Amino acid sequence: MKIVTLWIWVFLAALGRASDSGPDHVLENDINNDSHHTNNWAVLVSTSRFWFNYRHMANVLSLYRTVKRMGIPDSQIILMLSDDIACNPRNAFPGTVFNNMDQAIDLYGESVEVDYRGYEVTVENFVRLLTDRWDSNHPRSKRLMTDENSNIFIYLTGHGGNEFLKFQDAEEIGAYDIADAFEQMYEKKRYNEIFFMIDTCQANSMYERFYSPNILAVGSSKVDESSYSHHSDLDLGVAVIDRFTYYTLEFLEKIDKNSNVTMDKLFDEYTFENVHSTPGIRTDLFRRNVSEVRLTDFFGNVQDMEVDTAQDEKIMHIMNEVHKQEAQESPRESQAEVTFKSTYGKLDERTALVKVSGTQKRLIAGFTACVLVGLWVIAK
């Protein structure tokens with residue numbers, strides 16, 4: 001009976017260990033400025049339709065090209081384009097999109113993978129994407145398959161106002177809508193950190209309602225200010241890129257996927273002289289100092305393998321007590337120890353190459369504890 005009781009304590013201790021993780025626990029560790037993420041994702045959204053909004057599509061495709069260049073694969077990029085400017089009959093260069101009057105780079109090309117196009121770009125689909133509220137038939141390639149180890153770069157551009165952003169001149173998403181979606185993501189452990197960037201009029205109002213942890217946010221203009229385009233292409237007759245995005249790209253083009261350049265250096269580019277409006281930066285929800293956050297933590301890509309090791313002194317102490325009890329009561333190795341060793345091996349040397357989520361750990365530990373309690377009741 002004593003042996004069974006000790007085994008129950010072993011698994012209850014393991015259950016407590018498994019549940020002692022999550023974003024709240026991470027926030028307490030302000031000393032460590034490492035991101036601790038294992039994968040990067042990007043969500044890039046152009047919410048505007050019509051030819052005269054050419055620059056919004058160019059904004060998004062420019063950042064799409066940049067994050068791909070820095071290593072994030074298409075499988076981890078969600079691209080939402082509400083209009084196909086490349087095929088617009090007014091386009092003097094059919095099938096192309098440029099972000100500069102010199103027309104040096106065709107942003108559209110053959111390697112662009114659009115996940116949501118035209119009337120698929122809606123407020124509902126954007127919120128469903130963030131919160132992963134889809135039915136079983138929704139394609140995996142159109143889902144944001146993130147977890148608690150994911151860093152997500154989210155970029156929005158279009159026409160907006162005080163605490164709202166238009167989607168195709170047909171509907172609007174509010175600042176509270178995005179804030180609540182991020183909170184759902186936090187509760188469902190769908191991110192490690194989020195970098196939110198928005199280029200629209202009165203953009204800073206869109207992040208002021210955020211309340212979930214580990215979110216870094218920047219916007220192109222404060223309340224009652226417009227955001228401006230950088231320049232136009234006379235052959236096309238429209239502006240081809242916005243100022244805020246232009247200076248973001250100009251800086252990012254100077255770094256590569258192995259760069260150690262930090263976020264504060266990018267933020268230094270957001271001056272009134274460059275942007276012609278007042279960009280905003282919100283850092284109070286973010287646990288790390290931006291001067292120690294690498295740009296590649298969001299714009300680059302990582303392919304780290306997480307090794308899960310267990311060296312818990314409390315569990316080892318209980319194990320020693322179990323061994324003593326078994327040595328006194330039976331010279332033979334107990335069936336419980338045989339089962340435990342065959343499943344886990346030695347605790348101080350165990351490594352797992354397959355990531356097991358906290359929820360799975362708790363379910364396994366809880367199920368095992370229930371079985372052992374049942375055995376104890378029978379033995380009693």
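**A first question**

Is Gln168 buried or exposed, going by its relative accessible area? Gln168 is buried, because its relative accessible area is 9%, where buried means under 20% relative accessible area, exposed means over 50%, and partly exposed lies in between (1.4 Å probe, protein chains only). Gln168 also has a positive phi of about 60 degrees, although it is not a glycine.

**About the model**

Welcome! This is a predicted model, in which local features need pLDDT of at least 70 and side-chain atom pairs count only at pLDDT 80 or more, while totals for chains, interfaces and linings use all residues. Residues are numbered from 1 along each chain as its sequence is written, and side-chain values use heavy atoms, with hydrogens and water left out.

Helices (H or I, at least four residues) and strands (E, at least two) are DSSP runs, numbered from the N terminus. Two strands pair if DSSP finds at least two bridges between them.

Seven strands form an open sheet with mixed pairing, and their order is 3-2-1-4-8-9-12. Its edge strands, each pairing on one side only, are strand 3 (116-117) and strand 12 (280-282).

Leu81 has Arg117 as its bridge partner in strand 3. Arg117 counts as partly exposed, at 38% relative accessibility. Not counting residues up to four places away in sequence, Arg117 touches Leu81, Asp84 and Tyr108; such a contact means heavy atoms within 4.5 Å. The C-alpha atoms of Arg117 and Ser46 are separated by 9.9 Å, and these two residues are 71 residues apart along the chain.

Strand 1 (residues 39-46) runs parallel to strand 4, and eight bridges join the two. Here Asn40 stands opposite Asn151 in strand 4. Strand 4 also pairs with strand 8 (residues 193-199), again in the parallel sense, over seven bridges.

How many of the eight residues of strand 4 (residues 150-157) are buried? Eight of the eight are, so strand 4 is largely enclosed by the rest of the structure. In a regular strand, side chains alternate between the two faces of the sheet. Both faces of strand 4 are covered: one side has Ser150, Ile152, Ile154 and Leu156, and the other has Asn151, Phe153, Tyr155 and Thr157, all of them buried.

A second open sheet is made of three strands in the order 5-6-7, with antiparallel pairing. Strand 5 (160-161) and strand 7 (171-174) are its edge strands, each pairing on one side only. Strand 5 joins strand 6 (residues 164-167) in the antiparallel sense over two bridges, and Gly161 has Phe164 in strand 6 as its bridge partner. Helix 4 (residues 123-131) packs on this sheet, touching strand 6 and strand 7, and its direction makes about 35 degrees with that of strand 7.

The loops of this sheet are worth a look too. Glu163 lies in the loop between strand 5 and strand 6 and has a positive phi of about 70 degrees although it is not a glycine. Gln168, from the opening question, sits in the loop between strand 6 and strand 7.

Helix 5 (residues 175-187) has 13 residues, which at 1.5 Å a residue should span 18 Å; its end C-alpha atoms are 19 Å apart, which agrees. The expected span is 1.5 Å times one less than the number of residues. Among the buried residues of helix 5 are Ala175, Ile178, Phe182 and Tyr186. Just after helix 5, Lys189 takes a positive phi of about 55 degrees. Helix 5 lies across strand 4, strand 8 and strand 9 (215-219), running at about 160 degrees to strand 8.

Helix 4 and helix 5 pack with their axes 8 Å apart, at an angle of about 25 degrees. That makes helix 4 roughly parallel to helix 5, a label for angles under 35 degrees; over 145 counts as roughly antiparallel, 65 to 115 as roughly perpendicular and the rest as oblique. Axes are lines fitted to C-alpha atoms, for helices over the stretch in contact, and angles run from 0 to 180 degrees between N-to-C directions. Where the two helices meet, Phe126, Val127, Leu130 and Thr131 of helix 4 face Ile178, Ala181, Phe182, Gln184 and Met185 of helix 5.
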